[in-house]
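Subject: Structure handover

Hello,

Here is the structure to look over. My notes follow below it.

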Amino acid sequence: MSDEIRNGGPLIRGLPARDAVAGGRRILGRARETEALLAVLDGLGSAGGRAIALVGDPGIGKSTLMFAAAAHARAAGVRVAAAQGQYEIAAALPGFRPLLDDNCDVRRQVARGGAAVVVLDDVHQLAADQIPGLERMIHAAATGPLLCLLAYRQRQLSPGELPGVNRLADVNRPDEAHRFDDVHRFDALYRESLGNPQYLRILAADGEAIAEAGTAVLGELAALDDTALAAVQAAAVLGEPFHPELLAAVAGLEPAETMRAVDTLTGLDLLRPAERAPQLVLRHRAVAEVVHQRLEPSRRLTLHRSAAAALAERAAPIARRAHHVARAADPGAPEHVTTLIAAARNALHTSPATSAEYLSAALSLLREGEEHWHEARVLLARTRLLTGDADESRALLDALRPSPAGGPPRGTEDPGAIADASRVERRLGRLTEAGAMARAGLAALAGRDCATAAALHAELADCAYDARDYESCRQHAGTAAAIAHRNHDPVGEAKSLAQASLAHLFTADLPAAERAADSAAELIDATSDATLLTNLEALYQLGTTEGILGRPGAAERHLGRGTALSRRTGQSYIRPTLLMALANVQLRGGNLCSALATLDDATRNAEFDDNPATRAVLTVLRAEALLWLNGAPDLPEVLALADRAAALADGAPTAWAVDVRCLHAELVLLTGDPAGAGRLLLDAAGGHELPRITVWRRPRFCDLLVQSALAEGDLAMAEHWARLAEADVAELPSASGRGFAGRARMRVHAARGRFEEAALTARAAIAGFTAGGERVELCRTLLAVAALALDAGRTDEVGDWLDRATVAARQCGSARLAEEIGHQRGRLAARTGLSGAAQDAGGRDAPDPSAVLAVLTGREREIARLAGTGLTSGEIAGTLVLSVRTVDGHLGRIYRKLGVANRASLTRALLIEAPGAG
């Protein structure tokens, strides 16, 4: 597209191009192209004529866009002539009569010096001998204010390009389109459809709706002869790129007639050369979908069986053969069962939905108890779990479990199936059943050192963790890691090491926890995606562990990798938990908008998740994100969400339920009920020693309890909670733990009237939260110490604290924190006598000098006094051994805090300072 087209203004002022309509329909995704056409129309009178082509596949929107531009031209009083298809255009071309005849409206408009538009659609239908006439029309467009718009499919145009034509665009990439409820599914279909609305509708449709969405494709097939139609049908069944010889074998055609059909279909742009010549492929998968859907059942079956046989003769990969066998499985062909099961195993983790399709086809050929029946059922149950249907997976596995005592067994004692059953029960939140099944599986193995034993120990470690039995968790995770290592399973080993890391952490062994996490990360980072697909729980476990250990960058990287692999393969069962863990990491880091978007994604993916843990944690995290992001307007929703999460966790003794109830208490405090929050937290934590909360997490909730105790005037209990937090940090140090413990102690010092000690511990808390990357808690602490200082009548450093809080709040995008900062700034201004209005050179009275200096930090006071004596920035830098840039930075902050415009105003403000002030 030329710069002239891109940069022109719209013809119809005040009507955004993206709102262009044609026939009452909005043109979606064509803002860029519409604006370009309108710009050309706007410049017709002064810029001369143009010929512009819109080129793209059928269904891309060429005609809609072109006739919308014509409608705009008519609305602006511009004459428009239009022709569509071979016969209408051919009638208009001879002798240029429509352009040269004085009786023609278009010709008269041009002769009078006005503008005119000629619209020619489906130009590709012209015969080769008609192209010269079209070219003369294009040349004529340059002689006056005439715009010639042409739309065609380039691959079907003879000779394939037109001289003198500006191609507006290969209209295949719109910049906006309809959005689905599942945004990620839309994105995938949108990329595959190349932005073609027709292709998008076909790919998004199911069953008979595919044909309805592909009416334009069916119209292209109507004129084909029997041979060409048979070739198209065979190509649609094959789906993938093919050699002409394979097409002939599947379609049942002779080589010569196949090649004639290929030539015909290529000329019609139904077939195209594939990237790997000399293969061919249908124009787009959407075309194949329409053709395949319209096949009669008997014809479809015959073609798929022909494809399977032809591919088998050519020793094609099993995945290519299984695709056709699944659609034409023959009960009289035992090899079809083995083909389908082998292909299902290969696709189990790369495409579990495809694997399930193959297994369902295989089971339709088998009777219960026959060879491969049990294996196919176990594999099918595994695919159902991977695709998120835990209930169906459980039902399939239940049918394979031994019958009650005294009856014949209903299946073999399959430890692998038992491991799957345990995983299903855990996914459904039935921890007791999951643990019992895992122990039964280990008993069935009778001490065998195999990958299944490692998986069963890992299951027991997960169950123990959820039951807050961290010593048992550590033992089982360590055993699982060792077995996985001996069986050369780096992914299983990494998962168990990450489990062991948390167990070490929660049993107060930080060095062991860090070593285990480091080893797990090294294994994961050295492992290919293809291998990781066999156990995506390893990425979830490692990312969760790293987030708890205060390694947000590594956690986001591993959780993001797991999420991407889950989307790519359709392993949807773990996606909600991956996204939930990722959102928690983002929330802790203060990335509130990202966290909320991730939670939205997780909630969509967890819509059919029956696990109460997933629903409860997602709900409480959303409440926290909304609280900080928007503040007061969202408080009713925040409380409603928090109450809903607490209700889901009520009565459950598991670790997740304790965490959810504690977070609920925190939200109750932050929304204005500290006393009620304290009662809720003590109930969730099991009493005054907080036995249900691990040492690692206790400092956070001790800070909450300090606030609750002080709100009720109970200084002794506040002291108890502060000491407990400090003891926990001494036993198991962490940056964030130091932050919470320091803030708790700060509050107690302030309650005792010891502001200097409070400020000292506040600095320690600020350092802890800064090191831990917890921006929201950093900002909360800066605001808390600023408020305490103002309560105590102290203004020293308050301005600096509020400046740092402002930076943190902006990084978080938090309206609630910004509101609180504004409130504290107002208090500071009232106390210091500064209204914020600048003292200009006009000589308005300066505020009290001692109050002026009180809002500055110690270093800022030094620099302000030196600047007030007339020293330059370079001289101040030399005196204080600083860089000039640092001095200028301090001076900028000084001007903002004092509300002065320049050094002169600063000097006047300081001239009346009393000796020793500040």
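Which residue just after helix 46 takes a positive phi? It is Gly870, with a phi of about 100°. Helix 46 itself covers residues 858–868, and its buried residues are Glu860, Arg861, Ile863, Ala864 and Ala867. Buried means under 20% relative accessible area, exposed means over 50%, and partly exposed is in between (1.4 Å probe, protein chains only). Helices (H or I, at least four residues) and strands (E, at least two) are DSSP runs, numbered from the N terminus.

Some ground rules. This is a predicted model, where local features need pLDDT of at least 70, side-chain atom pairs count only at pLDDT 80 or more, and totals for chains, interfaces and linings use all residues. Residues are numbered from 1 along each chain as its sequence is written, and side-chain values use heavy atoms, with hydrogens and water left out.

Confidence

pLDDT is the predictor's confidence in each residue, from 0 to 100. The chain has a mean pLDDT of 82. Of its residues, 82% reach 70 or more. Among the elements, helix 28 (residues 510–525) has the highest mean pLDDT, at 97. Helix 1 (residues 3–7) has the lowest, at 26. Residues 405–412 have pLDDT below 50, and this stretch has 11 contacts in the model beyond near neighbours in sequence. Contact means heavy atoms within 4.5 Å. Over residues 912–918 the pLDDT also stays under 50. The model has 11 contacts beyond four places in sequence for that stretch.

The whole chain

There are 49 helices and 9 strands. The chain has 918 residues, and 53% of them count as buried. Among contacts with a separation of 6 or more, 66% join residues 24 or more positions apart. The chain exposes about 38700 Å² (Shrake-Rupley method, 1.4 Å probe). Carbon and sulfur atoms supply 52% of that area.

Helix pairs

Axes are lines fitted to C-alpha atoms, for helices over the stretch in contact, and angles run from 0 to 180 degrees between N-to-C directions. Angles under 35 degrees count as roughly parallel, over 145 as roughly antiparallel, 65 to 115 as roughly perpendicular and the rest as oblique. A crossing is left-handed if the near helix is turned anticlockwise from the far one by less than a right angle, and right-handed if clockwise.

Start with helix 34 (residues 612–630) and helix 35 (residues 635–649). Their axes are 8 Å apart, and the helices pack at an angle of about 160°. Helix 34 is therefore roughly antiparallel to helix 35. Their crossing is left-handed. Residues in the contact include Ala616, Val620, Ala623 and Leu627 of helix 34, with Leu641, Ala645 and Leu648 among those of helix 35.

Next come helix 24 (residues 431–445) and helix 25. Their axes come within 9 Å and cross at roughly 155°. That makes helix 24 roughly antiparallel to helix 25. Helix 24 passes helix 25 in a left-handed crossing. The contact includes Ala434, Ala438 and Leu442 of helix 24, and Leu456, Leu460 and Cys463 of helix 25.

Last, helix 36 (residues 655–670) and helix 38 (residues 698–711). Here the axes come within 11 Å and cross at roughly 40°. The two helices are therefore oblique to each other. This crossing is left-handed. Cys662, Leu663, Ala665, Glu666 and Leu669 of helix 36 meet Arg700, Phe701, Leu704, Gln707 and Ser708 of helix 38.

Backbone in the loops

Most residues other than glycine have a negative phi. Two positive values are worth a look. Asp269 is not a glycine, yet its phi is near 60°. Asp269 lies in the loop between helix 15 (255–267) and strand 8 (271–273). Its relative accessibility is 2%, so Asp269 counts as buried. Arg468 is not a glycine either, and has a positive phi of about 60°. Arg468 lies in the loop between helix 25 (451–466) and helix 26 (470–486). With a relative accessible area of 25%, Arg468 is partly exposed.

Around Leu221

Leu221 is in helix 12 (residues 215–221). Leu221 is buried, with a relative accessible area of 11%. Not counting residues up to four places away in sequence, Leu221 touches Val232, Leu270 and Val291. Leu221 and Val232 are 11 residues apart in sequence, and their C-alpha atoms are 8.7 Å apart.

Best wishes
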